[in-house]
Amino acid sequence: TYLELLAFLRPTPEHRWWHHAAHGEGLIDFALLPGAIEQDVADARDRGLALAGPIAGGRLRPDGQRVSWQSALPDTPDLPFLCGDVTPRTLRVPEGPARRHANGATGIAAVVVAVADLAASVARYRALLGGDASGPTFELGGATITLADASTKAARTRLERRGEGLLALTLRAGPASGAGRLDPSRTHGAPIDLDVSLP
């Protein structure tokens, strides 16, 4: 589990995230790590979900090491994308001291996604994840994904300003951490909470 900081170096209007540049900083999207991306994409398609991919991706690190992955992209911004490693994951996601943060965060416990049509988004998540969960909250790998529509003020604001997508997240943290909302001036306005009650 990790957070990634992104910035566009030049106008790229064809990119999935480009329209967010006009709205300033904040949460944009999230990814799920597939078990076997080819099979996961095929299963989701069998359940009626449109996904593009798997799409080969990669980059050359400054030390010359090639890092490769495959991704799959949904047609709608209410869903996460999939990103699976081809080269060893440790080449892309460091281990050891790089994983320790001063605020005690150890992972992501929950995400909230703003959606325009709750019933339609629940159906898409069921197609993506499989199973018989009826939503609007889905459990996945010890974390939860909760869908929120315009009946909540925060989701309504997100929908009006940025459209559907990631609204808030909760980080899992150790008992020595201070629980609650992180300072928005330090999270660049992104609503991020620490929850010390989660193992």
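**Exercise 1. Work out the strand order of the open sheet of four strands, and find which strands stand at its edges.**

Solution. Start with the order: the sheet runs β1-β4-β3-β2, with mixed pairing. Here strands are DSSP runs of E with at least two residues, helices are runs of H or I with at least four, and both are numbered from the N terminus. Two strands pair if DSSP finds at least two bridges between them. Next, look at the ends: β1 (31-32) and β2 (51-60) each have a single partner strand, so one side of each is left without a neighbour in the sheet.

This is a predicted model, where local features need pLDDT of at least 70, side-chain atom pairs count only at pLDDT 80 or more, and totals for chains, interfaces and linings use all residues. Residues are numbered from 1 along each chain as its sequence is written, and side-chain values use heavy atoms, leaving out hydrogens and water.

**Exercise 2. Describe how β3 joins β4.**

Solution. Strand β3 (residues 66-74) and strand β4 (residues 81-85) run antiparallel and are joined by four bridges.

**Exercise 3. Check the span of helix α2, then look at what follows the helix.**

Solution. The expected span is 1.5 Å times one less than the number of residues. For the twelve residues of α2 (residues 118-129) this gives 16 Å, and the end C-alpha atoms are 16 Å apart, which agrees. Just after α2, glycine 130 takes a positive phi of about 75°. Finally, Ser121, Val122, Tyr125, Ala127 and Leu128 of α2 are buried, meaning under 20% relative accessible area with a 1.4 Å probe, protein chains only.

Key:
Buried < 20%, exposed > 50% of the residue type's maximum accessible area, 1.4 Å probe, protein only.
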